[in-house]
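The following questions and answers concern one protein model. Please consult its sequence and structure as they are shown here.

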Amino acid sequence: MKLLRRSARRDSAAIRLQHRAIRQAASLLLAYPDERTPGRLVTVGALLDHITGPERDALDRTASYLHATDPLVVARDYVETFDMRRRSTMYLTYWTGGDTRNRGAEIHAFASAYRGAGVEPPVGEAPDHLPVVLEFAATVDPEIGEQLLAAHRAPLDVLHTALVECGSPYADTLTAVCATLPPVTDQEVQRARHLAETGPPAEAIGLQPFTLTVPPRRDGSPAREGDRPA
């Protein structure tokens with residue numbers, strides 16, 4: 001019995017390590033493509049050596065696309081996919097908080113989780129941006145990071161479905177990310193379907209400014225309160 005318990009602990013530790021590697025690779029693959037992309041892909045390649053199964057193949061397909069495609073085309077497609085389409089936004093609280101005062105509180109919860117783990121929220125990016133959450137879950141606090149991801153499973157499923165429907169090469173990365181989370185429940189399936197059909201919550205009155213709710217603009221100019229994905 002002791003041997004079985006030791007074996008189960010080793011298996012569990014190996015799974016947790018693989019999940020961290022998957023999330024770190026996904027964070028790098030989902031980052032905005034720029035001059036640092038080649039270096040990120042080198043790191044992804046090293047991480048793939050520690051990942052097995054269909055998740056490795058899924059991440060490798062996204063990496064192969066980034067390797068093989070002209071950087072200008074990659075950047076254009078990235079902006080069109082994630083910045084111009086509401087259903088494929090990577091700001092997780094957009095789907096749970098929408099244009100309501102609740103979104104500020106939800107983003108603050110992400111920032112508080114980071115500070116509780118001993119790190120400051122990132123400068124220049126909102127703390128609910130998926131690549132940020134994935135990096136936190138991979139490198140800072142895997143347990144709290146997984147809780148944040150699992151709590152936003154419905155937005156992740158909406159994003160995954162949107163990427164699959166538009167044939168995005170990033171869909172494979174979302175497939176790998178979702179595989180690291182507990183199985184989706186019927187309630188979560190229904191919630192994701194409802195969000196996809198109706199959009200996020202809306203509230204036109206009483207909005208309070210909260211700087212972290214405004215996604216930074218790619219050109220570096222300040223965004224305006226109320227800006228959101230199209």
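**Aromatic pairs and burial**

At 4% relative accessibility, F136 counts as buried, where buried means under 20% relative accessible area, exposed over 50% and partly exposed in between, with a 1.4 Å probe and protein chains only. This is a predicted model, in which local features need pLDDT of at least 70 and side-chain atom pairs count only at pLDDT 80 or more, while totals for chains, interfaces and linings use all residues. Residues are numbered from 1 along each chain as its sequence is written, and side-chain values use heavy atoms, with hydrogens and water left out.

Q: Which geometry does the aromatic pair of F82 and Y170 have: stacked, tilted or edge-to-face?
A: Rings of Phe, Tyr and Trp (its six-membered ring) pair if their centres lie within 6.5 Å; planes under 30 degrees apart count as stacked, over 60 as edge-to-face and the rest as tilted. For F82 and Y170 the centres are 5.2 Å apart and the planes make an angle of 65°. The pair is therefore edge-to-face.

Q: What is the class of the aromatic pair formed by Y114 and F136?
A: Y114 lies in helix α6 (residues 102-116) and F136 in helix α7 (residues 130-139), 22 residues apart. Y114 is buried, at 2% relative accessible area. The ring centres are 4.6 Å apart and the planes 45° apart, and the pair is tilted.

Q: Which residue lies with its C-alpha atom 7.8 Å from that of A126?
A: A126 is found in the loop between α6 and α7, and is buried at 3% relative accessible area. The residue asked for is 19 residues from A126 along the chain, and it is I107.

Q: What percentage of the 230 residues in the protein chain is buried?
A: The protein chain has 11 helices and zero strands. Of its 230 residues, the buried share is 43%.

Definitions and conventions:
Helices (H or I, at least four residues) and strands (E, at least two) are DSSP runs, numbered from the N terminus.
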